[in-house]
Amino acid sequence: ITAITSLITESLYTAIMYSLWLEETNYQNVMMPYYRAVYKLPWCFLKATQMRRYVKCMILARYSLDDNVSLSTIATKVFESSKRCLQILSTKLGTNQYIFGNVPSQLDAYMFAHLAVIRSSPMKSQLKDDLAKLTNLSDYTLRVHKKYYPKLYRLYTPDDLQERIMSNQMLQQVASVGAVVVLAAVFIWFRSPNRLLINEQRLVEEDVQ
């Protein structure tokens with residue numbers, strides 16, 4: 001379980017954050033409408049810019065120490081890694097209802113938290129295409145979503161959601177979807193081994209001081 005959760009954190013979490021924050025279309029049409037709906041001017045821009053800078057630094061630290069490396073070069077590495085991760089999860093799932101058989105586990109919850117954002121959020125990303133090609137994994141995400149989160153499933157999946165976002169006619173609905181995306185990202189971050197390591201380092205530094 002630990003190996004798979006680490007793989008998901010390193011690959012899918014990074015790719016989700018890259019897609020939402022560093023791909024311009026998703027940043028402008030998914031994340032910024034959410035921040036404008038939640039925060040007043042100028043805080044919406046300041047907070048979004050701060051978060052975007054954090055994500056870029058995080059991904060640079062993970063994939064390159066060179067600040068001058070192009071985002072397209074990093075994107076190739078990010079999505080190659082996430083594609084391999086999805087293929088591993090698909091193979092592990094096989095024809096099972098859940099990752100370990102017919103009973104859901106903690107790993108299913110962690111895996112679904114990432115897959116639901118990929119499949120159901122209004123972002124446009126290579127992640128969506130890679131997941132859609134893996135039928136068993138895509139069906140698994142849909143099945144868990146409908147069974148355990150039927151209200152969110154109805155919110156996430158209207159065919160015209162992307163068009164409404166692009167035309168700015170459904171700001172409140174975007175805010176709701178964005179809130180789920182952000183909460184999922186926060187949940188993933190709090191479960192991240194990297195965060196635990198950072199906290200441990202901070203405690204050590206405080207003890208030294």
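Patches are made of residues with over 30% relative accessible area and no salt bridge, in which like charges are joined within 9 Å and nonpolar side chains (Val, Leu, Ile, Met, Phe, Trp, Tyr) within 5 Å. A salt bridge, in turn, is a side-chain nitrogen of Lys or Arg within 4 Å of a carboxyl oxygen of Asp or Glu, and accessible areas come from the Shrake-Rupley method with a 1.4 Å probe, where for residues only the protein chains shown count as cover. The structure is a predicted model, in which local features need pLDDT of at least 70 and side-chain atom pairs count only at pLDDT 80 or more, while totals for chains, interfaces and linings use all residues. Residues are numbered from 1 along each chain as its sequence is written, and side-chain values use heavy atoms, with hydrogens and water left out.

The secondary structure of the chain consists of eleven helices and zero strands, where helices (H or I, at least four residues) and strands (E, at least two) are DSSP runs numbered from the N terminus. Of the 209 residues in the chain, 43% are buried, a term that stands for under 20% relative accessible area, with exposed meaning over 50% and partly exposed in between (1.4 Å probe, protein chains only). Contact means heavy atoms within 4.5 Å, and among contacts between residues at least 6 apart in sequence, 68% join residues at least 24 apart. The chain exposes about 11600 Å², of which carbon and sulfur atoms supply 55%.

In soluble globular proteins, nonpolar side chains tend to be buried together. When residues up to four places away in sequence are not counted, L12 touches L7, S82, C85, L86, L89, H114, L115, I118 and L127.

Residue L107, in helix α5, counts as buried because its relative accessibility is 1%. Its neighbours within four places in sequence aside, L107 is in contact with I1, I4, T5, I8, I99 and F100. The C-alpha atoms of L107 and T2 are separated by 8.9 Å, although these residues are 105 residues apart along the chain.

The expected span of a helix is 1.5 Å times one less than its number of residues. The buried residues of α4 are I74, A75, V78, F79, S81, S82, C85, L86, L89, S90 and L93, and what covers them includes α1, α3, α5, α6 and α7. Helix α4 is followed by G94, whose phi is positive, near 60°.

For α3, the 21 residues should span 30 Å, and the end C-alpha atoms are 30 Å apart, in agreement. Its buried residues, C44, A48, V55, M58, I59, L60 and Y63, pack against α1, α2 and α4. In the loop between α2 and α3 lies P42, which is joined to L41 by a cis peptide bond with omega of about -5°. Most residues other than glycine have a negative phi, and most peptide bonds are trans. The loop between α2 and α3 also holds Y39, which counts as partly exposed because its relative accessibility is 31%. Together with V38, W43 and L46, Y39 forms a nonpolar patch on the surface, with about 400 Å² of accessible area together.

The count of salt bridges comes to two. In one of them, the side chains of R62 and E10 meet at 3.4 Å, N to O, and the pair links distant parts of the chain, with R62 in helix α3 and E10 in helix α1, 52 residues apart. Both partners are partly exposed, R62 with a relative accessible area of 24% and E10 at 32% relative accessibility. R52 forms a salt bridge with E24, the closest N and O atoms being 2.6 Å apart; because R52 lies in helix α3 and E24 in helix α2, this pair ties together parts that are 28 residues apart in sequence. At 42% relative accessibility, E24 counts as partly exposed.
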